[in-house]
Amino acid sequence: AALPAGAAAPAPARHRFGDPAEVGALRGDLLAWYDRCKRDLPWRALAATEPDADRRGYAVWVSEIMLQQTQVATVIDYYNRWMQKWPTLQALAQASLEEVNELWAGLGYYSRGKRLQEAAKKVVSELAGHMPRTAEDLQKLLPGVGRYTAGAIASISYGQATGVVDGNVIRVLCRLRCIGADSSSPVVIDQLWDMANALVDRSRPGDFNQALMELGATVCVPKAPLCGECPVKQHCQARRRKLFGKPIPMPDVEDCGVGDCPLCPPATEPWDSSLGVTNFPRKAAKKQPRVTRTATCVLERRGSCGTPEYLIVQRPSSGLLAGLWEFPSFPLAQDLQEKEEREALADHLQAWMGQPVAAKGLRFIGEVTHIFSHIHQTYVVYSLPLDGDMTLAPASSPSRWVTEKEFHASAVSTAMKKVLE
Ligand code: SF4
């Protein structure tokens, strides 16, 4: 029969959870482990104890946005400060972008903070301050909330029995069911969503989803998973495959035809026994990051009390590191000699400051490398001491002189902090 539009074709039986008894056992094993071993995290406490449904949804939403691309250990401190400063959607809606950027500084991927604040404004002005209660509505109505975040908020804050798929879940499910096709391909992702929705525990969906993610973060980790301690090891096909050396025959289930199963590893590299369970998941080769060089100049003067002050300028309000402050920086062409780089920087500074700058006056300090998600950025750092009474105010972009302390309190990126160091 034809499938409804948008529905994924059913997975071959080997890659599914077809036995309701096994699904029940897996849910029970995973939840019992979670109850025993879960980490104590501030957003979990709020999700469990906050009686106001809008605040509960908001508390989970903030944590989910912060946790995208950032480790739990790093997020905790930021999360506590954020919730203390803006405990409600209404409070966040009134914050300025500058304040949001300042609190976010160091957490990376700065547009996340900005988008969160814009979305909070929308909830307050267009939805009377009420969070949507289902994954479908959350995804539809909140800017910046995708399928994963919507599922997480709806299941954790509102008890909707809906699954989630993030990097940890992808890894766990691919191992549980020996899914070795490219895990970023749409066919695999669709199957994983179907699987997550089918597996999620009906009475404790939020805990189940967090348990699956927690398992991926602490036990079923990418490189050396702790299979011996795993609460769902008896349900894991990858582990059986490792122990028994070949796919386990399943009664009444035909083996996937080698080479034409959309979920099996490619026929050319079916199983590397030295990798064991880490044969799964597999990813297509990553794109190489773009390599760029930027000349950065720390302009320094003595302030009124003799303390050093530095000039920082604000980046444009869109694009990489939007709206953050930095030392004056200019892109450099690749493959320049040191002398050419210095001259290029002097030219840029001259045009920008409207006064002559001698390349000789620029002191080379060193290089700082910083890796953004898709850019391998090298900052070539120079310093230029200026006269104390220098009042430099370039017209092209907002700028200000700051002491070291003020610099650290400003919305500056981690890369710029490395530059100042
Ligand atoms: Fe992951 Fe090992 Fe547990 Fe399987 S048994 S889910 S590979 S930790």
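Helix axes are lines fitted to C-alpha atoms over the stretch in contact, and angles run from 0 to 180 degrees between N-to-C directions. Helices are DSSP runs (H or I, at least four residues), as are strands (E, at least two), numbered from the N terminus. This model is predicted: local features need pLDDT of at least 70, side-chain atom pairs count only at pLDDT 80 or more, and totals for chains, interfaces and linings use all residues. Residues are numbered from 1 along each chain as its sequence is written, and side-chain values use heavy atoms, with hydrogens and water left out.

**Exercise 1.** Classify the packing of α3 and α9.

*Solution.*
- Locate the helices: α3 spans residues 53-67 and α9 spans residues 147-158.
- Read the geometry: the angle is about 140°, and the axes lie 9 Å apart.
- Therefore α3 is oblique to α9 (under 35 degrees is roughly parallel, over 145 roughly antiparallel, 65 to 115 roughly perpendicular, the rest oblique).

**Exercise 2.** Describe the shell around the ligand.

*Solution.*
- List the residues within 4 Å, counted by heavy atoms: R175, L176, C220, C227, C230, K233, C236, R239 and V277 surround the ligand.
- Sort them: 6 are nonpolar, none polar and 3 charged. Ala, Val, Leu, Ile, Met, Phe, Trp, Tyr, Cys and Pro count as nonpolar, Asp, Glu, Lys and Arg as charged, the others, Gly among them, as polar.

**Exercise 3.** Find the backbone exceptions at Q69 and P281.

*Solution.*
- Recall the rule: most residues other than glycine have a negative phi, and most peptide bonds are trans.
- Check Q69: its phi is positive, about 65°. Q69 lies in the loop between α3 and α4 (72-85).
- Check P281: the bond from F280 to P281 is cis, with omega near -10°. P281 lies in the loop between α13 (237-244) and β1 (290-302).
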